[in-house]
Amino acid sequence: MAVFTGVAWGQWVSSIFLMVLGLVLGSLAARSVTRFMAQRSTRHHTVMLRRFVFYLIVVLFAIAALREAGFSLDIVLGAAGILTVAIGFASQTSASNMISGLFLLVEKPFEIGDFIEVDATIGEVIGIDMLSVKLRTPDNLYVRIPNETLIKTRVVNRSRFPIRRLDLTVGIAYAEDVERVEALLLGLAEKNPVCLEEPKPFVLVTAFGPSSVDLQFSFWVPKDKVLDGRSSIMVAIKKALDREGVEIPFPHTSIYAGSHSEPFRVQLLGPETITEKEIPDVDKDR
Amino acid sequence: MGPETEGRRDGVWAKPYSLASGQTQSHQLGHVNLWVTLLDREWQIRSETLEVETDPVSWSETIGHTLPSKDVSLQRFIRSEGSDTVTFIPAVASLPTVIRPYQPLTIPAGEQCVIYVGTLVWMQVCVGDGRTVLTEVPLAVPSLTWVGRNTMEGELCYSSASVARLVLEAVPKRPWRAVTPVTIINRREEPLLLERFSLPTPMLSLYLNERGQLWTPGVTVECETDMNSASLHVDQTVFAAAGKCQQVGLAREKVSRGRFVRAFDRMFG
């Protein structure tokens, strides 16, 4: 009983009260910041400021709570320093991720809401946290990527700039008039409301392929209409080329057995000969 | 002449039309066909965009009980008790509009001119006495373009090819386009080649004159030493030649200083 009576319960209750008050006030302040910033700033800045305000208030109240409990701040900071070094050695990966996270915040290669590509993963950034960045992929998967990976690897931000260029490869038969097809494609870009008038769309001949002349059809679209733009213009290309009688070839394979060999004999079987189809090859010579 | 044709009238902006339950009001305006149907508990709005060779100059309106085919896209809205009126309010484009004269125009040093440009308007379908906006429809398919120093810095804009007429009488009066008189003053010592310019349409309000034509206040652009020092000014009142006007649509954006700088900074591409 002497152990319990020796404890200064009043101080501990005050400390706990201060900690709880800090958490409550921090949450309330963070919510107010979110409400205030939501209409005035980007999602990224709102989240960053909300976290900053929350942690600032919680840390201030935590310091006050420690003082109230009778801890000297110098000793606490010293202990924290030693603990940090010890933890740092024990968990280098986490420390590396935390520092990488700071670099990501300073360098700002992407923001919350951006569409990024990391290695083979494409997704919308839904969170930039202490250890990792969270993505939501177009097929609605949740992907967590450590901050260290993002610092080391190539990151493509697909929505940094307001407009994007789409490059489509269109193959046409060798017999077709390239200039006519070029005019046709440019006409489609002009009619499609998703394609921007400026920068101007253009067509390049990129290769004489195995079975087609390959054209690159490039046009610009707003960043939020990439899928719509690509799909609608591809449908329009197919319809227009079909309407104009322009052939889109598929790979053809010819078998050539040498100049002295006889050509292969190809015979079209009529309905009357179909019955023979059922006879196995081994039985034919009998 | 059938009953449909007999009831055909000219459509009017900002005039409340009363409908009875089950009635459909159809409009043919610009490149759009629009049907507004009043039912006991809901409003139905159907619209389709037409591919027309020449720009229509009239707006016809009919009230009947005929609905279009099911292929036409339908929007449904809840209707509160007693609201049986529908009003059509014009609205300016939500993005700046780039005006590109078919033939570039040169303004010699020290000269000034007034160009009349027509810009596309959106039709807001408003219901009830409070004019609650249900939806808005562009009266032709707007095309997009980019104005800026490069593909990184700049602004998305709507595009409008224009004859850039210098004589008011030659300007076609279409109820689905608003006329803006743009005064360009060249104070430089060199000629100014006007290939295209960005009109800050979201900052313009809309006025309707007695002949049913839409006008916006005039815009004055003054070029001093170089393009970047050009100043842009939106008039407070409508051009006198528009005649007696009443305001029918508000500007989408207030004229802010920052926006203003950007607008004239990119005025000439």
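Me: How many residue pairs are in polar contact across the interface of chain B and chain A?
Reply: Across that interface, 6 residue pairs are in polar contact, both residues at pLDDT 80 or more; such a contact is a pair of N or O atoms within 3.5 Å, where within protein one must be able to donate a hydrogen and the other to accept it, and residues adjacent in sequence count only if both atoms are side-chain atoms. This is a predicted model, in which local features need pLDDT of at least 70, side-chain atom pairs count only at pLDDT 80 or more, and totals for chains, interfaces and linings use all residues. Side-chain values use heavy atoms without hydrogens or water, residues are numbered from 1 along each chain as written, and chains are lettered from A and ligands numbered from 1 in the order written.

Me: Which element gives the largest share of chain B's side?
Reply: Strand S14 of chain B does, with 4 residues; strands are DSSP runs of E, at least two residues long, numbered from the N terminus.

Me: And what about salt bridges, how many are there between chain B and chain A?
Reply: The count is 2, where a salt bridge is a side-chain nitrogen of Lys or Arg within 4 Å of a carboxyl oxygen of Asp or Glu. A:Glu198 forms a salt bridge with B:Arg100, their closest N and O atoms being 3.5 Å apart.

Me: How many residues are in contact?
Reply: On chain B, 12 residues are in contact with 12 residues of chain A, contact meaning heavy atoms within 4.5 Å. In chain B, B:Leu144, B:Trp146 and B:Thr151 lose the most area to chain A.

Conventions:
Buried area = accessible area lost by both parts, 1.4 Å probe.
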